[in-house]
Amino acid sequence: MVLRPDLREITRYLGYHGVTPDENMMSEIQQCIEELENVITPRFVYDRFDLLQKEEDGRSILSFGGLETESRDLARNLKGCTGVYIMAVTLGPGPDRLVRRASVGKMSRAIIFQAAAAAMTEAWCDEINERIRKEAAKEGFCTRPRFSPGYGDLPLSMQKQISMILNMPKEIGVSLTESYLMTPSKSVTALIGVLPGPASLDVASQKLTNSAAGKCENCAAVENCPYAD
Amino acid sequence: MKKDLRERLGKEWLVFDGGTGSILQSKGLKGGELPETWNLKRPEDIIDLHCGYLRAGCDIFNTNTFGANALKFPDNLEEIVTAAVENAKEARRRAGREDAYVALDIGPTGKLLEPLGDLPFERAVELFGEVVRYGSRAGADLVLIETMSDSYEAKAAVLAAKENCSLPVCITVTFDEKGKLLTGGSVDSTVALLEGLRVDALGVNCGLGPEQMIPIVKRLTEVCSVPVIVNPNAGLPRTEGGRTVYNVGPEEFAGWMEKIAEMGVQAVGGCCGTTPEHIRLTAERVRKLPFKAQTRKNRTVVSSFSQCVEIGPRPVIIGERINPTGKKKFKQALRDCDIEYILREGLRQEDSGAHILDVNVGLPEIDEPAMMTSVVQRLQSVLALPLQIDTTDPEALERGMRIYNGKPMVNSVGGKKESIETVFPLVRKYGGVLVALVLDEDGIPSDAEGRIRIAKRIYEAADRYGVPREDIVIDGLAMTISSDNKSAVVTLETLRRVRDELHGHTILGVSNISFGLPRRALINSHFLTMALQNGLSAAIMNPGNEEMMESYRAYLALAGLDPQCMGFIEAYAGTQDRVPAAKAAGAPGGTTGAADGTAGSATAGGTGVGGAAYGGTGAASTDRTGWGAGRASAASSSAMGLTESVVRGMAQSAAEAARKALAHTAALDLINGELIPALDQVGKGFEKGTVFLPQLLMSAEAAKAAFEVVKESLQGQSQEVKGRIILATVKGDIHDIGKNIVKVMLENYGYDVIDLGKDVAPEAIVEAAIRENIALVGLSALMTTTVVSMEETIRLLHEKKPDTKVVVGGAVMTQEYADAIHADCYAKDAMATVHFAEEVFGG
């Protein structure tokens, strides 16, 4: 499986703030990507649900897929949406093993694996996101940028319900720790709102997913982002 | 009286039932509703479900307990499981099918086991054990573990079943279209593990339809010796109006199952999407086919979570380096619980071409069972080679075998009664290929005849304990020729006779043969060739010893065991035969720069192996991450000074430069005059933003390589440690990269780091700080949600050990945040932590 991770994203994770690493570092990164390609087992699962939104005493309540949650930021993201896709993707346990292995005496490699695997996870997310966008477009819907538990005021604990709704352990081999972190760690869950309208209105399709208009829009660290160029 | 299932399993066709979920949904089960609750809420519907399958003609049907465990039902698990078995028994009565067997159905916990996830192995065994106790008490006829997609969890479930009841245990696992478990296991590795655990039948279910399962079933029938079960889905799922539907109807399904039955499986059934009609047609068609019992495959195999290694006909290399005997540094690492040292030793051997790793951590003054447990756990979390548990301590042996994620090798049993009585029951229970030493109460027989006699006795013991003979490898015992000139001859004869007369496999600790002689590698490599020629199946040796690896690879090529000599060519293409030194100097393209001599052996350039690795024992490792690697040849790097090597992050040349410099510079001058200033230079660059994190770490690794060399020269002298620091990722958080980066940097600056790992409870951190009297604790948290545990840890530390300072870091941490949770320091990166440590310890 070949995933095309964004090299700039990898170097950003590695702390190169807008600086392009030299040739040797770039070839090192390339090698790590190749090694990762040999161990990843990308999987995904998604499903679409009707969305109900209401305001109660100034609180934003959203319900879909048999769950109910309160989140102002998610409500803003899903404004006007009539449905929502819930997706979960993973690269499998391979990258975690590779990072663990490199951590024994070769941390410089471990962090490159870590950064590259994170960017590959994003690339995999983008691919599934795109699949969802096309599916929605066929039915005359446009999509909102994806939004994950832990963004803004959407609680991480929502992972538990998402995991149940999508049957994540069985479908893609992702389970949750006591503190709602996903294992394998190179996994992502996200919500993608849909509303009637032409695909030209897609926000996700406008390559804004890595910018403030995309997934950063509700990040608490947007003011002093350690990864900003 | 109904026949015991064991009398029928594998002797006649047996049919399992089909899907549950879709049928319950049609009866009104809502999404998100737990099906197991229906055992109590809607027993009639469950009985009805069972009756459908019983009337369709299945022989074995599953209780509605797939997801029943204490994680999902903490309050009423016993009630649910008992009701489920009662419902099944009631269905059997109503359907007039008293001949059918009630299978206590056990599915995965939904949690990943450590180290992938956070569920400890023994906790998983407990969770499954509870269900097995309730289910067997209520009257189930067998345990069916199903839909397992992690070999480790499968092992936990089988152990739990075996330890909590005496019912037959069957297990089916779920492979993907590539024939892999979600956690990476193959058909071969999974079968090795499960047959080792002595399951009564094994097979595959769910995930795929019958057609997609065919390649997997083919492999299963090729490697399994126990009966094979195949329970596919009704094809592939698709969603239709929020409902999952499957695309293979009863007629088509039965057609495929007929094909599958003919491939040599012994039991068939269905999984998701299959209905009583699928099962009725399948049962009808399959029962008309001639039944073929499973054949014994007699393969000698060991496995890890993902790999299966077969011993013989192709001989294998077992790496011997994880063993403290005669190794001062290794002993010290054991005393210091420095498991990373042991892991590095393992990784080096894997890189050098070992197939299996021997693990011996026996030292009189340490807690060997505990050490064996943690070393096995850590090794299997970073490498994929099968392990050989090597100990004389029965408790360490059992704990190592139990926690091991696979079918291990076990080193060893002897001909003594006591040894046989201790070791065989463990191998019977956990599975394993057992190394059998041909010695007994009277010592080591001096002739082959005596050794063969003991070997026979051990095979007979295997029969008695129900351990298959192919799971025994006979150690012919290599003893030095320097004390007995005939010893090699006797050993070789023993190997030959085990092969020819007993048709068994053999193993040797090869290097023992040369003890006390000069040029040991010379003798060892020749003896290895002779032993292989006489039938040796497994060589316990140092895979970093290039002469021996040369003999091994040459033997494989010569014996027709290396197709097209590909392995040999891959290892040696582009390398040169050794030539006399005088000639080599003038020969163009000679071996110049290939080896630096520290390993005492030539290098194999073709395998990408560089010169000696730092701390090297002869096993070289690559150094391609060096700054300017690729450009820099060995010749030019050897000219590089220490400072430059560290600044450019080149570990190998840093070690070389340090070694050279030590000839004329005192160790301490080298550290203070070159190493530390070089590190400072890189550190300052990092803080200014001209050097980046990967470079900082590479420099740190280069400095470490140099430090190791310098330390060696200081042996015997007391070495200054600037201070001892605890590092931990807080409770609930499993991100440890940041913490590990800080650790590398602190160690570089001369601090002794006690790394407590990740997901560490506040109490554990405080306890360690008090016990070790620690002045500085570093805490890492990556999530806002886990900063709470950080705060709790600081509160507890300040209360219980007020003189300890706490430095915090992590992605979400800020100065304000750190102040709010009363940390003594916020470190924005690894260098900032170093500076704070210098402050605390007056560096």
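1. Start with strand β7 (residues 228–231) of chain B, in what is a predicted model. Strands here are DSSP runs of E with at least two residues, helices are runs of H or I with at least four, and both are numbered from the N terminus.

2. Which strands pair with β7(B)? One is strand β6 (residues 201–205) of chain B, parallel to β7(B) over 4 bridges (pairing needs at least two DSSP bridges between two strands). Within this pair, B:Leu202 has B:Val228 as its bridge partner. Between β6(B) and β7(B) the chain passes through helix α9 (residues 210–223) of chain B, a right-handed β-α-β crossover (with the strands pointing away from the viewer, the path from the first strand over the helix to the second runs clockwise). Strand β10 (residues 267–268) of chain B also runs parallel to β7(B), joined by 2 bridges, and B:Val230 stands opposite B:Val268 there.

3. Now look at another sheet in chain B, an open one of 5 strands with parallel pairing, in the order β22-β21-β23-β24-β25. Because β22 (751–755) and β25 (825–826) each have a single partner strand, they stand at the edges, and one side of each is left without a neighbour in the sheet. Further in, strand β21 (residues 723–729) and strand β23 (residues 776–780) of chain B run parallel, joined by 5 bridges. B:Leu727 has B:Gly778 in β23(B) as its bridge partner.

4. Helix α30 (residues 787–800) of chain B packs on this sheet, touching β23 and β24 (805–809), and its direction makes about 170° with that of β24(B). Helix α28 (residues 737–748) of chain B lies across β21, β22 and β23, at about 155° to β22(B). Touching means contact, with heavy atoms within 4.5 Å; axes are lines fitted to C-alpha atoms, for helices over the stretch in contact, and angles run from 0 to 180 degrees between N-to-C directions.

5. Chain A has 7 helices and 9 strands. Buried residues make up 55% of its 229 residues.

6. A word on conventions: residues are numbered from 1 along each chain as its sequence is written, and chains are lettered from A and ligands numbered from 1 in the order written. Local features need pLDDT of at least 70 and side-chain atom pairs count only at pLDDT 80 or more, while totals for chains, interfaces and linings use all residues; side-chain values use heavy atoms, leaving out hydrogens and water.

Notes
Buried means under 20% relative accessible area, exposed over 50%, partly exposed in between (1.4 Å probe, protein chains only).
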